Amino acid sequence: MEIVDKYILSMIITAPFLGATLVIFTPSYYSNIIKLITATTAFTTLILSIYVCVYYDSTVGGFQFISEYNWLENIGISLSLGVDGIAVLMLLLTGIIITTAVGLSWKINKDTKDYFILLLLLVAGVYGVFVSIDLFFLFFFYELAVLPMYLLIGIWGSNTTFKTFIRTKEYGAMKLVLYLVGGSILVWIGIMSIYTYSEMGTFNIMTLQDAEFSHGFQQVVFPLIVIGFGVLAGLWPFHTWSPDGHVAAPTAVSMLHAGVLMKLGSFGIIRVGMTLLPEGAIDWMPVLLILATINVLYGACSAMAQRDLKYVIGYSSVSHMGYVLMGLATLKPLGISGAVLQMFSHGIMTALFFGVVGIIYERTHTRDITILEGLSKRMGLAASFFTVAGLASLGLPGLSSFIAELLIFIGAFQTNLIIGILGIIGAAITAAYILRLIGKVFFGPINKQWDDIKDANRLEGLTTGVLVSFLLIIGLVPFPFLKLIDSTIKALLKGMAI
């Protein structure tokens, strides 16, 4: 067991690279073998993630499963791996999303080999960010997770037609990359500033926690970290790339984009900003709290105004990520716990949303809400799963978002009464547009042109059903998940002297 524990994180980030290598050497005409290799790789990482989740000792807390591989010792760069309670939960989320995303990619026939290579590289980067405790490699994996998105969207994505113009997939891909690379520049400036100013000659986060950064330094650098990572988290007003990217992306990429990639942003704020720059966090969190509240309200109102199913979910994601940032900005134990649980819950929920929308689009070749009517009469399973995701989105008790949002609201009311009230108003707006959307698209009289469409097949039903089960598990039994992150949050706030 000790040997497994020592190398388990290395195996998690190595598996996608290994899978991609096998795909590279598999002839393109063996498309089913390529898909099987990818599915086996994804499922393997899920099993390894479950192992880490089960054997992480939440009573001890802190970083566990630590391993280190020296690279450039003279400048303090090493591949240092380790996970705390928050990272463990994110590993599990990533394993679930990539496995179900591959299942829903089974019908990809265009340049299949290239598609799955890029998908595996993307997920390798995601895993790398969550397990890296070296700032250099955290940034390296962060970039690796972002850059494949351009090709995945630009080649396998779809155009969106409006009344007066067409928004192309190339536009969505380029806008996404430009925004995220811009944010990455700020993150890299912040990381290099931390490395240089610490004078400790290391990028290791555990070591840098002992560095004494001046109050003035933290006031300057913390906003760079928050904005840089906040761009990927959909922070207003740097969020506009996200809905366009969602809409243009193929189904699996939308699932990974909303389900996992956006979590890298909020995770980076916790891992780098709040951990290493606690005084800067205390000073700037009131500003983040205001921006996060705008996220919640703006995203919800924008979602209500959309007619494209993917745009509704895209702006809904902006709104729900606002709740994550709001919880972090409260600097309260319950608020941060709710934020981390919301990261997990939102990841599962949006992956389910986009998975079902992909199934609908494949049958109808449209996402126009004004045309889609009464689909539950022909697509009962898809309608049921979309409804579960919608009810989770509006915070129905018994589903995952209820517990997460409840904790966030308690933290918000403990911090600022007005912010708490505005957060609840945002939830009410969410309920309005979700219920209206479900009623319009799935219930009522069916449009005659959908008389011959078919419901989700067995593979689609299985993959989306897995996501539904996790929404129920978290909603009904949240305590194991909260226990995982509790000790980490206590240590984080203790380091901030709160």
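This is a predicted model: local features need pLDDT of at least 70, side-chain atom pairs count only at pLDDT 80 or more; totals for chains, interfaces and linings use all residues.

Residues are numbered from 1 along each chain as its sequence is written, and side-chain values use heavy atoms, with hydrogens and water left out.

**Stop 1: aromatic rings**

Searching the whole structure gives 25 aromatic pairs. Rings of Phe, Tyr and Trp (its six-membered ring) pair if their centres lie within 6.5 Å; planes under 30 degrees apart are called stacked, over 60 edge-to-face, and the rest tilted. Select Y29 and Y30: the ring centres are 4.7 Å apart and the planes stand at 55°, so this pair is tilted. Y29 is exposed at 66% relative accessibility, while Y30 is partly exposed at 39%. (Buried means under 20% relative accessible area, exposed over 50%, and partly exposed in between, with a 1.4 Å probe and protein chains only.)

Next, select F136 and W188. Their ring centres lie 6.2 Å apart with planes at 65°, so the pair is edge-to-face. It joins distant parts of the chain, 52 residues apart: F136 belongs to helix α5 (residues 135-146) and W188 to helix α7 (residues 169-198). Helices here are DSSP runs (H or I, at least four residues), numbered from the N terminus. F136 is partly exposed at 22%, and W188 is partly exposed at 29%. Now widen the selection to W71, F136, F137, F139, F140, F141, W188, Y195 and F203, a cluster linked by ring pairs.

**Stop 2: α5 beside α6**

Axes are lines fitted to C-alpha atoms, for helices over the stretch in contact, and angles run from 0 to 180 degrees between N-to-C directions. Show E143, L144, A145 and V146 of α5 against P148, M149 and Y150 of α6, where contact means heavy atoms within 4.5 Å. This contact has 6 nonpolar residues, no polar ones and 1 charged. (Ala, Val, Leu, Ile, Met, Phe, Trp, Tyr, Cys and Pro count as nonpolar, Asp, Glu, Lys and Arg as charged, and the others, Gly among them, as polar.)

**Stop 3: α11 against α12**

At what angle do helix α11 (residues 251-276) and α12 pack? The angle is about 100°, with the axes 5 Å apart, so α11 and α12 are roughly perpendicular. G273, M274, T275 and L276 from α11 meet P278, A281 and M285 from α12.

**Stop 4: L297**

Further along α12 (residues 278-304), pick L297. L297 is partly exposed, at 22%. Leaving out residues up to four places away in sequence, L297 touches L422, I425, G426 and I429. T430 is 133 residues from L297 in sequence, yet their C-alpha atoms are 9.1 Å apart.

**Stop 5: R363**

Finish in helix α14 (residues 333-364) with R363. Is R363 buried or exposed? R363 is buried, with a relative accessible area of 18%. Its side chain reaches the backbone oxygen of K454 at 3.1 Å. Beyond four places in sequence, the residues R363 touches include K107, M379, D455 and E460.

Definitions and conventions
Helices (H or I, at least four residues) and strands (E, at least two) are DSSP runs, numbered from the N terminus. Angles under 35 degrees count as roughly parallel, over 145 as roughly antiparallel, 65 to 115 as roughly perpendicular and the rest as oblique. A polar contact is a pair of N or O atoms within 3.5 Å; within protein, one must be able to donate a hydrogen and the other to accept it, and residues adjacent in sequence count only if both atoms are side-chain atoms.
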